[in-house]
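Hello,

Here is the structure I said I would pass on. My notes follow it.

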Amino acid sequence: MSADLHYFDYAATTPADPRVITSMVNCLGIDGVFGNPASNSHAAGIKARGMVEKAREQVALLIGARADEIVWTSGATESNNLALKGFVEASGTVPHIVTSRMEHKAILDTAASLEQRGFPVTYVAPDQSGAITAAAVSAALRPDTGIVSLMLVNNEIGTITDIAAIAPIVHAAGALLHVDAAQALGKTPIDVKAMGIDFMSMSAHKVYGPKGIGALYVAREVATRLAPQMHGGGHEGGLRSGTLATHQIVGMGTACAIAMAEMETDTSRISALSDRLLDGVLAIDGVEKNVRDGVHLPHTLSL
Ligand SMILES: Cc1ncc(COP(=O)(O)O)c(C=O)c1O
């Protein structure tokens, strides 16, 4: 991008980190790791599988999961679809779904399509500060609630949902918790175990990785509670068939490893930049900050 253009829309997508690009290119050509990771009868396939499993560990490490709890998908949209549709289809009943009005379209449209199929959905409203509170979620729960789906960080105003406070309430009601972490991965610490998350959607291209790759964290204890949405060769423990895209996966793994090492310093740098930008634009007549009282990530500034 030329020096006279300023790109601020990193919530929509980020450019890939040069280290990510290098790792990906190494998986494409004849001299690289181009084998099919499912071909376990020859060296090229075994090498590719090794790279895929290393990337799985890199993603898992960033969120406090075990490597075998990471299922590769094409991005957070697919992960959200797999979590919600997969859950209701595997349930064998007609579970009630709770989500919020401020979710990304990848959840809202999935919920709407499930509503059309007869699954009841309750949409929790955010409070004045743009937060989904534990009290609001609690009030939405019903005896037949099967799954609650909430975003960890909002894509437009950057507010952070207190998932650790909400998870015990959801579990006490006998439901499972899905979290859309597309905007949170690599920007704020995530520990899926400590936070009580059952399923979590992730995307690489919001965190300096490539587009077209993401993952769904599926806690080992609830792995049988999802029905696959993509049928075929039985890849990813039968949850998501299709030849694994080694270069994309390695790109996401590298992006997560970089985030793991640099998240703290990057967040301080972005905080300072955000404060500086805010100081400048608030001086302009009529400009106001939208999230005044709520907790939000410095990465997102809504004016
Ligand atoms: C909160 C949230 N969820 C889901 C998505 C969709 O992610 P992907 O582009 O990986 O499908 C986005 C991307 O804009 C997002 O911000």
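**The largest pocket**

The largest pocket holds about 860 Å³ of space. A pocket here is an open set of points on a 1 Å grid over the protein atoms alone, with protein on both sides within 12 Å along at least five of seven lines. A cavity is a set of points where a 1.4 Å probe fits but cannot get out, and lining residues have an atom within 4 Å of a point. Grid points are joined across faces, edges and corners, and a volume is the space filled by probe spheres set on the points.

Before going on, note that this is a predicted model: local features need pLDDT of at least 70, side-chain atom pairs count only at pLDDT 80 or more, and totals for chains, interfaces and linings use all residues. Residues are numbered from 1 along each chain as its sequence is written, and side-chain values use heavy atoms, with hydrogens and water left out.

Back to the pocket. Its lining has 34 residues, and Phe-8, Tyr-10, Tyr-208, Ile-270 and His-299 lie nearest the centre. Helices (H or I, at least four residues) and strands (E, at least two) are DSSP runs, numbered from the N terminus. The largest share, 12 residues, comes from α8. By class, the lining has 16 nonpolar, nine polar and nine charged residues. For these classes, Ala, Val, Leu, Ile, Met, Phe, Trp, Tyr, Cys and Pro count as nonpolar, Asp, Glu, Lys and Arg as charged, and the others, Gly among them, as polar.

Most residues other than glycine have a negative phi. Tyr-208 is partly exposed, at 27% relative accessibility. The cut-offs are these: buried means under 20% relative accessible area, exposed over 50%, partly exposed in between (1.4 Å probe, protein chains only).

**The sheet**

Seven strands form an open sheet with mixed pairing, in the order β1-β7-β6-β5-β4-β2-β3. β1 (70–73) and β3 (121–124) stand at the edges with a single partner strand each, so one side of each has no neighbour in the sheet. On average, neighbouring strands are turned by 20 degrees against each other, direction ignored. Two strands pair if DSSP finds at least two bridges between them.

Now the pairs. β4 (145–151) and β5 (176–180) are parallel, with five bridges. Val-148 has Leu-177 in β5 as its bridge partner. β5 and β6 also run parallel, joined by three bridges. There, Asp-180 stands opposite Ser-201 in β6. β6 and β7 run antiparallel, with five bridges. Ser-201 faces Leu-216 in β7 as its opposite number.

How many residues of β6 are buried? Five of the five are, so β6 is largely enclosed by the rest of the structure. Phe-199, Ser-201 and Ser-203 are buried on one side, and Met-200 and Met-202 on the other.

**Helices across the sheet**

Helix α3 (76–91) lies across β1, β2 (96–100), β4, β5, β6 (199–203) and β7 (214–218). It runs at about 160 degrees to β6. Helix α4 (105–116) lies across β2, β3, β4 and β5, at about 150 degrees to β3. Axes are lines fitted to C-alpha atoms, for helices over the stretch in contact (heavy atoms within 4.5 Å). Angles run from 0 to 180 degrees between N-to-C directions.

**The cavity**

The count is one cavity of 30 Å³ or more. The largest cavity holds about 30 Å³ of space. Among its lining residues are Met-102, Gly-130, Met-151 and Asn-154. That lining has five nonpolar, four polar and no charged residues.

**Loop residues**

Glu-236 lies in the loop between β7 and α8. Its phi is positive too, near 55 degrees. Glu-236 is buried, at 12% relative accessibility.

Ala-245 is in the loop between β7 and α8. It is partly exposed, with a relative accessible area of 29%. Ala-245 and Arg-276 are 31 residues apart in sequence and 40 Å apart in space, C-alpha to C-alpha.

Pro-143 is in the loop between α5 (134–140) and β4. It is exposed, at 87% relative accessibility.

Best wishes
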